[in-house]
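I opened this notebook to keep a record of what I looked up in one protein model, entry by entry.

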Amino acid sequence: MKQKISICIPTYNREERLNKSLNMTSKAIRNRNNIDMYISDNASTDSTYDIVCKYQEIGLPIHYSCNEKNLGFKANFIKVLDMPRESQYCWLMGDDDYVLEEGFSQLVSYLGENAEKEYDLIIVNGQCGSEPGLKHTCLIEDRDTVLANLGGQMSWMSSIIFSRKFLDEKHILEKMDACQHAFPHIDAIFASLEKKCKVLWFNEEVIRAIGGIPSYFDKVYEYFIRDWYLVIADKRELYSREAIDHYLDNTSINTRFILMSKLNGLDMRKNRNVFTKYAMKYPRHKTWLSAYYLAYIVPKCVLEDAKSIYHKVK
């Protein structure tokens with residue numbers, strides 16, 4: 001493979017998850033040329049530095065930078081994406097996600113076989129709770145198709161690989177800096193895609209989450225009901241009504257959030273205003289909206305039993 005891919009990981013005080021992520025990812029990228037990693041540490045106070053050094057010592061090609069103070073998540077995202085200046089592709093990776101060896105090998109082979117082609121973005125498959133509308137690896141050359149079929153998948157930042165050219169020519173980092181919500185990278189992408197674009201959808205599973213309660217758990221309603229849907233809804237002047245409706249009709253919030261909210265005592269009543277505003281804006285989405293309220297009503301012991309059964313079956 002001639003193209004160079006840099007995995008870009010922003011992190012802060014997540015030593016345990018980062019360790020698991022690097023351990024699993026190292027198996028996928030070891031002994032490969034043109035693959036390296038960039039980690040921007042947002043002034044962690046735990047053992048993040050020691051974890052990084054451990055993997056550098058065994059040969060993992062990690063470029064590490066630690067901020068003098070915490071810049072906030074958005075500024076750290078921007079910084080880590082700006083670090084690999086010589087790479088053709090920059091892969092924004094969560095510190096609690098990892099690369100699968102087999103899937104990554106297939107991706108590398110595909111890119112090698114199509115080395116003459118350039119993409120604005122590469123979107124890779126993974127288990128994120130949103131079912132992509134495309135079932136085969138393909139080149140998408142229409143931004144409406146990207147939104148309609150891959151919008152949900154792209155809410156998982158680790159599924160997105162940017163080309164350096166797209167980042168720079170479309171001023172993605174500057175647009176991210178101007179955003180005031182939880183998805184600056186998504187807002188910048190959908191604001192910047194040309195009507196005729198070049199987005200590769202890679203259908204093989206390439207990434208997977210470590211699991212457990214995510215760091216953004218206490219903000220899940222704010223992020224995935226308010227911010228995420230408003231990002232898409234605000235693009236009406238750029239995308240067709242059909243594409244937006246198709247995306248919204250085929251995207252649902254992962255049911256694990258419903259269980260997690262109940263099991264961890266998150267009071268849904270505090271978020272009722274968010275639900276009300278959303279229901280008024282998108283009245284067609286009654287099914288999953290009702291599921292949230294049912295989750296609040298159902299006794300905790302019932303959800304505990306459901307969780308136990310789920311893990312046994314899994």
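The entries below go from the whole chain to single elements and residues.

**Ground rules.** I am working with a predicted model, in which local features need pLDDT of at least 70 and side-chain atom pairs count only at pLDDT 80 or more, while totals for chains, interfaces and linings use all residues. Residues are numbered from 1 along each chain as its sequence is written, and side-chain values use heavy atoms, with hydrogens and water left out.

**Whole chain.** I found 14 helices and nine strands in the protein chain, where helices (H or I, at least four residues) and strands (E, at least two) are DSSP runs numbered from the N terminus. Of the 314 residues, 51% are buried; buried stands for under 20% relative accessible area, exposed for over 50%, and partly exposed for what lies in between, with a 1.4 Å probe and protein chains only. The chain exposes about 15,200 Å², of which carbon and sulfur atoms supply 50%, the areas coming from the Shrake-Rupley method with a 1.4 Å probe and, for residues, with only the protein chains shown counting as cover. I also looked at contacts (heavy atoms within 4.5 Å): among those with a separation of 6 or more, 84% join residues 24 or more positions apart.

**Strand β6.** How many of the residues of β6 are buried? I count six of six in this strand, residues 121-126, so I noted β6 as mostly covered. Leu121, Ile123 and Asn125 point one way, while Ile122, Val124 and Gly126 point the other way. For partners, I took two strands as paired if DSSP finds at least two bridges between them. β6 pairs in the antiparallel sense with β8 (residues 160-163) over three bridges, and Ile123 stands opposite Ile160 there. With β9 (residues 199-209), β6 runs parallel over six bridges, and Asn125 faces Glu205 in that strand.

**Helix α5.** Six of the eight residues of α5 (residues 143-150) are buried, so this helix is largely enclosed by the rest of the structure. The buried residues are Arg143, Val146, Leu147, Ala148, Asn149 and Leu150. Asp142 caps the N-terminal end, with a side-chain oxygen 3.2 Å from the backbone nitrogen of Asp144. Arg143 lies over the face of Tyr239, at 5.3 Å from the ring centre; the criterion is NZ of Lys or CZ of Arg within 6 Å of the ring centre and within 35 degrees of the ring normal.

**Ser6.** Beyond its neighbours within four places in sequence, Ser6 is in contact with residues including Tyr38, Pro84 and Trp91.

**Aromatic pairs.** My search of the whole structure gave five aromatic pairs. Tyr49 and Tyr64 form a tilted one, 5.7 Å centre to centre with 55 degrees between the planes; rings of Phe, Tyr and Trp (its six-membered ring) pair if their centres lie within 6.5 Å, and planes under 30 degrees apart count as stacked, over 60 as edge-to-face and the rest as tilted.

Note on methods. Polar contact = N/O pair within 3.5 Å; in protein donor to acceptor, adjacent residues only side chain to side chain.
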